[in-house]
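Have a look at it first, then read on for the details.

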Amino acid sequence: MLTAVVFLPVAAAIIIALAARSPRAVKGVALTAFVADFALAIAVFARYNTGDGGFQQVEQYDWLPGESVVFQYLLGVDGLSATMVLLTGLLGLAAMLVSMNIQHRVREYFVFLLLLQTAVMGVFASLDFILFFIMWELELVPMFFLISIWGTGRKEYSAMKFLVFTFVGSAFMLVSILVLYFSVGTFDMRVLLESDLRNLVAPVTVVFGLFFAAFAIKLPVWPVHTWLPDAHTDAPTAVSVMLAGVLLKMGGYGLIRVNVAMFPEVTQQAALPFAILAVISILFGAMVTLRQTDLKRLIAYSSVSHMGYVLLGVASVGATGGALSSVGLTGAALQMFTHGTITGLLFVMVGVVYDKAHTRHIPDLGGLAARMPYAAVALMVAGLASLGLPGLSGFVAEIMVFLGTFPVYGVLTALAALGVVVSAGYILWTLRGVMFGPAKERWAHIGDATLVEKVAPALLIIAVVAVGVYPALITDALSSGVGEALADRITTVVGGLR
Amino acid sequence: MNSSALWLLSPEISLAFVAMLAFLVDLVTRRKGYVAAVSLVGLVLPLLFTTLLWGELSGWVNAIGPQPGEVAGVSIPGIFGTLVVDRYALFFKYLVFGALGLVLLASLDYRSRLGRLEGEYYGLILLSAGGMTLLAATVELLSLYIALELATLPLVALAAFLRDGRSTEAGIKFLLLGAISSAVLLFGMALVFGVTGSTYLSDIAGAVATATPGDVPFGSYAMLAGAVMMAAGFGFKIAAVPFQMWVPDVYEGSPTPITAYLSVASKAAGFAALLRVFTTAFGPADLHWSVLFAALAVASMTVGNLVAVAQSNIKRMLGYSTIAHAGYMLIGVAAVAGRTGDGSLQGPQGLLFYLGGYAVTNLAAFFAVIAIANRTGSDQISDFAGMGRRAPWLAFLLTVSLLSLIGIPPTAGFMGKLFLFGAAVNADLAWLALVGVINSVLSAYYYLRIVKVMYFQEPASQERVTCSPALWAALGSASLGVAFVGMAPWPLFAFAAQALLGFAGR
């Protein structure tokens with residue numbers, strides 16, 4: 001099952017590369033693959049038994065057997081990764097749907113998009129560190145090409161910047177993975193999670209720091225966020241959707257899976273610096289967002305701000321007395337899911353607007369709601385969810401993060417809450433500037449989203465509303481993967497070692 | 001010396017025979033294609049003998065009886081103990097012959113530029129390969145020196161083969177700098193001989209082991225100077241900084257197949273000799289030279305990558321890139337000295353694996369460059385513009401090999417770096433692994449520049465770029481190797497482990 005989820009897209013890519021000739025056929029194959037992949041992702045998520053917890057649906061084969069180095073082909077999900085697989089399936093389909101109007105070098109485009117899907121799915125589903133790393137690196141290649149061929153503006157510069165930043169991070173990560181291997185003797189994350197990782201062949205703080213650097217770049221955390229606005233602004237719509245929706249979550253996922261779960265003690269020591277970095281990211285991101293006039297750049301900086309909440313939730317493990325705050329961690333994980341759907345939706349809608357109006361410059365837009373009611377509603381939902389309106393999913397995640405953090409870092413939490421206020425400002429100003437206000441002459445003949453363009457927003461709106469109204473849909477899985485389960489396991493493991 | 005030595009030398013002897021045949025065929029026929037065919041088909045002979053020798057070691061061939069000094073199943077010494085047939089030597093025979101076969105295949109497309117001297121071209125390249133395989137098999141300093149010269153001198157002639165300004169310059173530079181480095185190597189050998197009284201590696205090892213462990217590395221200043229000078233001599237051969245001055249000019253001026261051959265086979269043979277000499281003769285002092293090679297590794301990686309960024313000629317750029325790769329490989333040498341003290345061979349195993357993966361990768365890159373540059377008549381990176389459209393498959397394969405050079409999975413380069421850096425971490429050299437990965441990031445910049453030029457810039461003309469079936473075969477097999485080693489590293493990894501059975505007494 002997991003193998004199918006991960007490798008179905010690449011199989012479709014091979015079919016496209018070898019067999020599909022006409023653009024119609026290419027899009028047909030790709031669409032089928034993404035729909036099927038989404039269905040499989042739902043199945044993986046649904047089959048995950050939250051009562052049992054732990055890693056499930058494990059598939060294990062020896063890949064490189066031998067005395068000294070052993071890699072495995074090892075897939076499996078817990079509540080956290082099952083949720084991420086679901087998110088990737090959903091956003092992959094959304095990205096596919098907004099790519100239906102691609103006309104330039106169609107075959108290559110969809111081959112790269114499908115390859116990207118496989119890589120990201122692989123990151124979330126791998127339990128072997130080498131496989132995880134391979135998938136992590138594999139994601140760079142399609143992204144590099146997607147941004148630099150189908151992007152706009154300074155696309156080659158942005159693609160290179162994206163690549164170099166991520167590559168630096170993953171280079172650090174590789175060293176840490178090797179240190180873990182030679183200390184414990186396995187790449188199996190399940191074993192590593194149960195092992196005593198306090199005496200490694202290199203100082204544990206360095207290993208922790210190198211992992212953190214890799215994931216912080218991906219998340220991204222201030223001050224290593226600078227690649228994100230560039231990559232977002234210049235990437236084609238579908239790639240922005242994938243980037244904001246899924247790729248950033250790789251950073252959060254790694255942070256929780258590796259830094260928190262494997263090094264709980266170091267995480268507790270580092271919690272205060274994490275919290276400070278998180279608050280800087282939240283506030284800095286929000287302030288800079290206020291100044292943006294380009295729609296995509298605006299969402300990109302708002303992502304920096306919103307991903308700060310993930311780090312803040314992670315920092316909440318600094319709770320006194322060694323007990324872990326499960327609410328904050330669950331909140332951080334949920335924030336990843338909700339930010340994925342909300343920002344995905346925002347980028348989809350910006351793509352629709354840009355497609356019709358051929359500009360993303362906010363002062364040029366205005367009064368579009370009258371001409372494109374569907375798009376206006378969808379953008380409103382996304383915006384309101386983004387600013388944390390109760391009843392939509394963003395609210396649940398942020399409140400959980402705050403609940404987890406407040407008992408530990410009261411002042412910092414209060415500062416972070418300021419970020420919510422600022423985000424209300426930039427979201428509402430943007431909505432007014434784009435959709436409302438006086439209708440401009442030049443937009444008199446602009447059309448609403450077409451039927452195809454309506455599908456992707458509809459899917460994402462369903463997800464946003466459903467999680468907002470009934471969060472247990474996702475949080476049940478998350479708390480059996482991170483939240484309480486992780487807290488319990490770490491307490492027993494660390495306690496057992498003492 | 002007895003007749004069994006002929007059997008132990010059969011791969012080299014048959015190779016020399018094929019080389020002579022190439023010269024002869026060239027004399028009697030005007031159809032130069034025969035020369036190439038003879039050399040290519042003739043390669044089957046040495047490969048066959050290599051396999052038979054492997055069988056002799058493993059016991060499923062028994063052409064000669066037990067030899068004096070033979071370690072059953074591990075090594076058979078011959079010719080007064082100066083040469084040894086062990087799996088390590090055989091591994092390098094396979095590697096060199098494999099690279100040679102691909103280079104010969106790729107040379108077919110280059111024939112128009114060789115003029116009427118085709119017989120000499122093929123003969124010399126074969127002879128040089130003989131020198132390289134001997135280099136991996138010697139366990140005595142003088143034979144090692146002779147093998148080194150046999151490997152290098154034909155390459156000097158080959159570097160100057162195009163007989164234009166640049167090519168002549170390449171030949172002269174290679175000759176002069178090569179002579180200096182040989183002199184340094186020889187001087188180092190003389191010092192070591194003077195202290196230990198023997199040119200046999202095993203005897204030197206005994207002397208190093210018994211030298212009172214004082215404050216001086218290697219036991220005495222004379223030995224230290226000798227070891228460092230020998231490292232310098234090998235450093236020239238493998239193109240490590242600071243002995244790399246010859247690389248860019250020679251790589252740029254030589255015929256491209258020779259450049260490819262130099263960058264793969266010659267480097268591999270240099271590493272074969274370096275690793276054997278240092279692990280065997282200076283094995284007891286491994287903590288001392290581990291530091292030396294770690295420093296050389298850092299210098300090579302960093303200088304190679306930094307200077308490569310500024311290149312506009314693709315052959316020069318690949319030249320600097322091979323310097324950087326020599327640096328990565330030196331990590332494997334430095335990691336021999338496992339400070340964990342378990343006598344681990346992960347460093348050498350990683351190095352042999354890396355050499356195999358690097359051979360197919362670099363050959364694929366050079367073959368794609370030959371194919372494209374032969375049509376456009378230029379080695380400038382800017383003339384690769386739009387190749388993504390003019391030659392989709394060539395550009396794709398070149399991209400794959402460049403990704404492999406960066407070390408992005410799922411390619412051979414990634415697996416190689418994984419094993420090398422892993423060995424470094426295990427040998428308590430995590431900082432060296434960190435320098436290595438940072439350098440990989442640095443290298444991504446200039447490799448991807450070529451990808452960028454090929455895919456994102458407008459072509460100068462719309463004319464399709466094609467290449468001959470022979471070159472396709474060479475490029476195709478090398479690229480398949482890149483993908484295979486990257487996705488199924490097990491066979492090569494096991495082969496490398498086999499090659500190190502009983503190596504250097506560990």
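At what angle do helix 14 (residues 314-334) of chain B and helix 18 (residues 412-426) of chain B pack? In this predicted model, the angle is about 40 degrees, and the two axes are 8 Å apart.

**Helices 14 and 18 of chain B**
- Because of that angle, helix 14 of chain B counts as oblique to helix 18 of chain B.
- The crossing of helix 14 and helix 18 of chain B is left-handed.
- Helix 14 of chain B brings B:Tyr328, B:Ile331 and B:Gly332 to the contact, and helix 18 of chain B brings B:Lys417, B:Leu420, B:Ala423 and B:Ala424.
- Five nonpolar residues, one polar and one charged make up this contact.

**Helices 13 and 14 of chain A**
- Helix 13 (residues 295-315) and helix 14 (residues 326-357) of chain A have axes that come within 8 Å and cross at roughly 170 degrees.
- That crossing angle is over 145 degrees, so helix 13 of chain A is roughly antiparallel to helix 14 of chain A.
- Residues in the contact include A:Leu295, A:Ile299 and A:Val310 of helix 13 of chain A, along with A:Leu329, A:Leu346 and A:Phe347 of helix 14 of chain A.
- By class, the contact has twelve nonpolar, eight polar and one charged residues.

**Where chain A meets chain B**
- Chain A gives 26 residues to the contact and chain B gives 27 residues.
- On the chain A side, helix 5 (129-138), helix 6 (140-150) and helix 7 (155-184) each supply at least two residues.
- Helix 7 of chain A gives the most to that side, with 13 residues.
- The side of chain A that touches chain B has 21 nonpolar, three polar and two charged residues.

Conventions
Residues numbered from 1 in each chain as written. Chains lettered and ligands numbered in written order. Predicted model: local features only at pLDDT ≥ 70, side-chain atom pairs only at ≥ 80, totals over all residues. Contact = placed C-beta atoms within 7 Å. Helix = DSSP H or I, 4+ residues; strand = E, 2+ residues; numbered from the N terminus. Nonpolar A, V, L, I, M, F, W, Y, C, P; charged D, E, K, R; others polar. Axes fitted to C-alpha atoms, helices over the stretch in contact; angles between N-to-C directions. Parallel < 35°, antiparallel > 145°, perpendicular 65-115°, else oblique. Left-handed = near helix turned anticlockwise from the far one by under 90°.
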